[in-house]
Amino acid sequence: MNLVKSLLILILVAVIGIFASVHFAPLKTATFLVEFKRDIAGLERKTISLADGNQYVYLEGGKGETLVLLHGFGADKDNFTEVSPYLTGDFHVIAPDHIGFGESSKPTGADYSPIAQAQRLHELVARLGLERFHLGGSSMGGHIAMTYATLYPHEVKSLWLLDPGGVWSAPEAEMRTIIRKTGVNPLTAKTPEEFRKVFDIVMSKPPFIPGFVLDEMAKKRIANFDLEQNIFAQLSADNVEERVRGLTTPTLLVWGAEDRVLNPEAAPILEGLLTNVKTIIMPGIGHLPMLEAPKQTATDLKAFIADLPE
């Protein structure tokens, strides 16, 4: 009986402690949870500066062939912490915040086109001493990854494209319809309430994220609102289709069948442009497969890379 009482007291104390942490120190608690996720994935936060003084902040961990992972618009490097526990046992994972996002530098008036971002990434890769690596990208990150493979084809062993952007001849998705009708970009936010709505459009099966963590994430997005408008305009003006025509890099193309941000009908367009591509359409999944179905997404990637010729 005493043991049961002791356990109940410990549970009560833990619950009170958690409540107090969330209520009185939400930023510290949210930071702790983010770092805990990184620890599970075996990822460590690092920084490095470019020649122009801009700084990349990135996550790194794991062992094996190098896999560089590029997040999408409005996101950051931690978009890959859900999938990384299934990857770091097989790959040396590097996930940077793009310049303009997350903790990386945010220069005003800079060129944020996919070509400019790919060129910055190339300098990062060189400073990290990488010569050949696998390159993955989600949404905008896929747009940049494809661009990188066309600029530096001998560096990229394979491409992993997760609902990639830049294929603007595809039928209009719900996101573009909203922008056309209202002039409001549903991927950006000026209030915590608008930020929570972003999750509704980008994922069909979002992982659980406590409300106070979402609120801390919202603060960063709100602070970056004006810059994101500029970056989105530059992305929208860049069509990757002619750039990738005839690209021979082995490519795994993954698309969530319920993507409301970028129409899955872009997949067959890319299949007609790329010469060495395997496509997986994931039923019940939205715009972010690596967050909605991390284990399956990682399993598919590992199987694809394992089948590549030496």
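**Pockets, cavity and rings**

Modeller: The lining of the largest pocket divides into 22 nonpolar, nine polar and 15 charged residues. Here Ala, Val, Leu, Ile, Met, Phe, Trp, Tyr, Cys and Pro count as nonpolar, Asp, Glu, Lys and Arg as charged, and the others, Gly among them, as polar. This is a predicted model: local features need pLDDT of at least 70, side-chain atom pairs count only at pLDDT 80 or more, and totals for chains, interfaces and linings use all residues. Residues are numbered from 1 along each chain as its sequence is written, and side-chain values use heavy atoms, with hydrogens and water left out.

Biologist: Which element gives the largest share of the lining of the largest pocket?

Modeller: Helices (H or I, at least four residues) and strands (E, at least two) are DSSP runs, numbered from the N terminus. α2 (26-41), α6 (192-202) and α7 (211-223) each supply at least two lining residues of the largest pocket. Eight residues, the largest share, come from α2.

Biologist: How much space lies in the largest pocket?

Modeller: On a 1 Å grid over the protein atoms alone, a pocket is an open set of points with protein on both sides within 12 Å along at least five of seven lines; a cavity is a set where a 1.4 Å probe fits but cannot get out; lining residues have an atom within 4 Å of a point. Points are joined across faces, edges and corners, and a volume is the space filled by probe spheres set on them. The largest pocket has 46 lining residues, and Val34, Asp76, Asp78, Asn79 and Met217 are the closest to its centre. Its space is about 1,200 Å³.

Biologist: Which residues lie closest to the centre of the second largest pocket?

Modeller: The second largest pocket holds about 310 Å³. β6 (156-162) and α12 (294-306) each supply at least two of its lining residues. Of the 15 in that lining, the closest to the centre are Arg132, His134, Lys157, Leu308 and Pro309.

Biologist: Which element gives the most to the lining of the largest cavity?

Modeller: The count comes to one cavity of 30 Å³ or more. About 120 Å³ lies in the largest cavity, and α4 (140-151), α5 (174-182) and α8 (225-236) each give two or more residues to its lining. The most, three residues, come from α8.

Biologist: How far apart are the end C-alpha atoms of α4?

Modeller: The expected span of a helix is 1.5 Å times one less than its number of residues. The 12 residues of α4 should therefore span 16 Å, and the end C-alpha atoms agree with this at 17 Å.

Biologist: What is the angle between the planes of tyrosine 148 and tyrosine 152?

Modeller: Rings of Phe, Tyr and Trp (its six-membered ring) pair if their centres lie within 6.5 Å; planes under 30 degrees apart count as stacked, over 60 as edge-to-face and the rest as tilted. There are six aromatic pairs in the structure. This one is tilted, at 4.7 Å centre to centre and 50 degrees.

Biologist: Which ring lies under the charged end of arginine 176?

Modeller: A charge sits over a ring if NZ of Lys or CZ of Arg is within 6 Å of the ring centre and within 35 degrees of the ring normal. For arginine 176 the distance is 4.8 Å, and the ring is that of tryptophan 168.
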